[in-house]
Amino acid sequence: MGNTSNAVGSAVTPVTVEELPGLNTLGISMARIDFAPQGINPPHTHPRATEILTVMEGRILVGFVTSNPQNRLITKELQKGDVFVFPEGLIHFQKNVGNGYAVAIAALSSQNPGVITIANAIFGSNPDIAGDILAKAFQVDINLVYQIQSKF
């Protein structure tokens, strides 16, 4: 089991071409996601892969957001044995909604799917995205932006 003692309560163990060179040219990869109770795999995207998630243990709320202009949220609560698909490039997330630990296996349609965790990319970029840009984009006070950036 991965170490879920972190701010989000999850651990992702990838198996991509970086970890297993034999995947080169095969167009597939996997990841194991371990969740503490109420842990999340925060909103993220895979720019080069569709993801198929299978719940191995526990109850997991999954969701993704369709593209502009609808930005429609699609969610479903999954149980052991259930499967869900996240389309390539769309922002998606998972949350353990059970009382115990949960485990899921993700299969991805690329040996190098990439991952962009939304909060990390926006608030933890190096160098920082200018506070006034984020304040305007999120329609919040610039001090709130600085407070959030300090966590990343």
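This is a predicted model: local features need pLDDT of at least 70, side-chain atom pairs count only at pLDDT 80 or more; totals for chains, interfaces and linings use all residues.
**Entry 1: the annotated domain**

I began with the UniProt record, an unreviewed entry, which lists "domain: Cupin type-1" for residues 5-146. I then looked up the span in the model. Residues 5-146 are 41% strand and 13% helix.

**Entry 2: the annotated binding sites**

I next looked up the feature "binding site" in the unreviewed UniProt entry. One such annotation covers H44, H46, E51 and H92. I asked why these residues can be said to gather at one spot. They span 49 residues in sequence, but no two of their C-alpha atoms are more than 11.7 Å apart, so they do gather at one spot. From this set, I noted H44, H46 and E51 in the lining of the largest pocket.

UniProt also places "binding site", again from an unreviewed entry, at N41, H46 and E51. Of this set, N41, H46 and E51 are taken in by the lining of the largest pocket.

I then located two of these residues in the strands. N41 belongs to strand β3, which runs over residues 40-45. E51 belongs to strand β4, made of residues 51-57.

**Entry 3: the pair α2 and α3**

I turned to how two helices pack. Two packed helices are described by the angle between their axes and the distance between those axes. Helix α2 comprises residues 131-138 and helix α3 residues 142-149. I recorded an angle of about 110° for the pair and axes 8 Å apart. Angles of 65 to 115 degrees count as roughly perpendicular, and α2 and α3 are therefore roughly perpendicular to each other. Their crossing is right-handed.

Which residues meet between the two helices? From α2 I listed G131, D132, L134 and A135, and from α3 I listed I142, V145, Y146 and Q149. The residues of this contact divide into five nonpolar, two polar and one charged.

**Entry 4: backbone details**

Most peptide bonds are trans, and most residues other than glycine have a negative phi.

I noted a cis peptide bond from N68 to P69, with omega near 0°. P69 is in the loop between β5 (59-65) and β6 (73-79).

I noted another cis peptide bond joining N126 and P127, with omega about 0°. P127 is in the loop between α1 (118-123) and α2, the helix that packs with α3.

Key: Residues are numbered from 1 along each chain as its sequence is written. Side-chain values use heavy atoms; hydrogens and water are left out. Axes are lines fitted to C-alpha atoms, for helices over the stretch in contact, and angles run from 0 to 180 degrees between N-to-C directions. Helices (H or I, at least four residues) and strands (E, at least two) are DSSP runs, numbered from the N terminus. Angles under 35 degrees count as roughly parallel, over 145 as roughly antiparallel, 65 to 115 as roughly perpendicular and the rest as oblique. A crossing is left-handed if the near helix is turned anticlockwise from the far one by less than a right angle, and right-handed if clockwise. Contact means heavy atoms within 4.5 Å. Ala, Val, Leu, Ile, Met, Phe, Trp, Tyr, Cys and Pro count as nonpolar, Asp, Glu, Lys and Arg as charged, and the others, Gly among them, as polar. UniProt positions are given in the numbering used here, feature names are shortened, and annotations may be inferred rather than shown by experiment. On a 1 Å grid over the protein atoms alone, a cavity is a set of points where a 1.4 Å probe fits but cannot get out, and a pocket is an open set with protein on both sides within 12 Å along at least five of seven lines; lining residues have an atom within 4 Å of a point.
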